[in-house]
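Let's take a friendly walk through this structure together. Have the viewer ready, and we will go from the overall fold to a few ring contacts.

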Amino acid sequence: MRIRHKQPTLVSMWMLDVFCCALGCVTLLFLLNSRLATEAARASRDARADLAHTDQQLATALAALETTRTKLAAEETERGKLTASLAELEGARLKLVDESRALTEDLKLARAEKDEAGRKLDTARDELKTTRALLDSTRESLAGLEKKATATAKELADARAEAAAADRLLKTRQTDIDELAKKDAARATQLDGLRRSMLSKDAERLALDAQLAEARKELAELDAKLRTTRRELDAQIAATKAGAAKTGEELGTARAQIKDLNKKVDDANATIIDLQGEKAKLADKYDRFQKEVETRFAGVAMTGKRVVFLVDMSGSMGKRDLQTVDGTKWPLVVETVCKVMRSIPTLERYQVIVFSSSARWLFEDGEWCSFNGERSVERVRDALLKTKPVDDTNMYAAFEKAFGLKTAGLDTVYLFSDGLPTSGPGLTREQEKASPPLSESELGVILGKHVRDTLARTWNKPDAGQLRVRINAIGFYFESVEVGAFLWSLARDNDGSFVGMSKP
């Protein structure tokens with residue numbers, strides 16, 4: 001029976017699904033950020049419109065103030081005129097007194113004129129009092145306008161400050177969008193390189209299979225030739241021995257023929273040995289390639305000698321959605337952790353951290369545990385199944401505890417989670433006291449960015465002579481664009497891979 005070998009494949013439909021989902025996540029994240037930038041620009045335009053309206057109101061108030069000042073100056077001029085008239089009347093009165101002494105006959109007329117002048121003086125004084133009251137009222141109005149102008153100027157300054165803040169926020173959003181676009185282009189280049197590498201490996205494997213088949217064919221042909229040659233040699237030797245009684249010349253010829261045939265047999269044996277060695281080399285190369293293909297989990301390369309498994313045990317890990325409890329989800333998470341643990345061929349030491357609103361070691365207060373195959377896998381499974389999902393997601397505390405083992409040789413982290421961070425450090429005082437409070441989505445974006453920034457600046461910053469820790473992420477119930485984008489970005493920033501598990 002002819003042996004048939006099944007052609008191993010590297011690229012499958014689920015791998016294409018993973019790549020398509022990742023590309024969709026990037027596209028949706030870009031659209032989300034674009035929408036946020038558009039809303040920020042709209043807010044900036046509204047603030048500028050309010051600023052222009054406030055400027056117009058201030059200009060109107062200043063014009064009214066200038067008009068009031070003009071009226072006040074006119075009233076001051078009138079007051080000066082009235083004062084001059086009063087001085088003239090007083091001079092006329094003195095002149096009349098002097099004339100009364102000289103002209104007694106005009107006394108009555110002078111007295112009448114004096115009375116008339118007194119009445120005019122009273123009238124002028126009444127008008128002066130009225131003018132002073134109007135002046136005081138105008139001054140009070142002017143003081144009110146100045147206060148209003150001061151308040152308007154303050155509101156204008158506040159509006160300008162808000163507009164400047166909106167412009168800064170818009171520039172920050174635009175910078176984030178540009179950085180995301182650059183990272184997206186880099187990731188696309190990396191994906192193209194990975195596809196080319198996979199195609200190259202497929203071609204190399206097919207070439208190795210063809211070479212192996214050709215070597216087997218040549219080996220079979222050589223075996224057939226060797227058997228034929230041996231039969232011919234045996235026949236010739238028998239014929240030579242049968243004619244050994246003939247002349248010495250014939251005997252020498254036969255001996256020469258036997259010598260040539262023995263040489264051919266030796267050459268054939270050497271060729272067979274060379275082909276067998278080549279066959280062994282091809283088989284070893286094929287086995288190494290096959291092991292490399294097999295040591296992957298849904299597109300994530302299974303690597304690491306000293307590994308920490310970060311397992312999210314927040315309340316959502318026991319739910320199908322926000323309202324529906326799902327008793328099968330947590331056991332599925334536990335089985336996935338065990339499958340990943342079992343699939344790492346180089347695993348020597350391990351530790352497990354479970355986290356929700358806080359983080360804790362699963363075994364031995366953070367000391368490395370030796371990996372003993374299936375016995376270690378069973379130990380992790382039993383310990384995780386005794387744990388119940390509860391509370392928030394404090395991913396900052398989990399990474400902080402895990403990177404405490406960096407100086408002890410930590411080289412790989414596997415993160416199992418289904419959501420964005422919802423608690424932990426990273427909020428400003430204004431964000432903590434925001435009214436209304438930040439939504440869960442907004443909170444997750446801010447805290448997730450803080451975790452990524454802390455990894456880049458502190459925990460996983462490359463040190464001299466020390467490699468970065470690789471972080472791989474496995475997401476459960478991959479439905480949220482924000483969650484997928486966060487886990488993918490977290491793994492990409494730290495030289496790792498991300499895969500989203502489908503809902504069963």
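The notes below cover the chain as a whole, a surface patch and some aromatic contacts.

## The chain as a whole

Please keep in mind that this is a predicted model. The protein chain has nine helices and nine strands, and 33% of its 504 residues count as buried. Among contacts between residues at least 6 apart in sequence, 79% join residues at least 24 apart.

The protein chain exposes about 30,900 Å², with carbon and sulfur atoms supplying 55% of that area.

## A nonpolar patch

Leu28, Phe30 and Leu31 make a nonpolar surface patch of about 270 Å². Leucine 28 belongs to helix H1, which covers residues 13-102. Its relative accessibility is 41%, so leucine 28 counts as partly exposed.

## An aromatic cluster

The whole structure holds six aromatic pairs. One of them joins tyrosine 396 and tryptophan 459, a tilted pair at 4.8 Å centre to centre with 55 degrees between the planes. Because tyrosine 396 lies in helix H6 (residues 395-402) and tryptophan 459 in helix H8 (residues 440-459), the pair ties together parts that are 63 residues apart in sequence. Tyrosine 396 is buried at 17% relative accessibility, and tryptophan 459 is buried at 11%.

Phenylalanine 399 and phenylalanine 403 also form a tilted pair, with ring centres 6.5 Å apart and planes at 40 degrees. Phenylalanine 399 is buried at 0% relative accessibility, and phenylalanine 403 is buried at 8%. Tyr396, Phe399, Phe403 and Trp459 form one aromatic cluster.

## Charges over rings

The charged end of arginine 379 sits over the ring of phenylalanine 363, 4.1 Å from its centre. Arginine 492 lies over the face of tryptophan 488, at 4.6 Å from the ring centre.

Technical notes
Residues numbered from 1 in each chain as written. Predicted model: local features only at pLDDT ≥ 70, side-chain atom pairs only at ≥ 80, totals over all residues. Heavy atoms only, no water. Helix = DSSP H or I, 4+ residues; strand = E, 2+ residues; numbered from the N terminus. Buried < 20%, exposed > 50% of the residue type's maximum accessible area, 1.4 Å probe, protein only. Contact = heavy atoms within 4.5 Å. Areas by Shrake-Rupley, 256 points an atom, 1.4 Å probe, with all protein chains shown as cover. Patch = residues over 30% accessible without salt bridge, like charges linked within 9 Å, V, L, I, M, F, W, Y side chains within 5 Å. Salt bridge = Lys/Arg side-chain N within 4 Å of Asp/Glu carboxyl O. Phe/Tyr/Trp six-rings, centres within 6.5 Å; stacked < 30°, edge-to-face > 60°. Lys NZ or Arg CZ within 6 Å of the ring centre and 35° of its normal.
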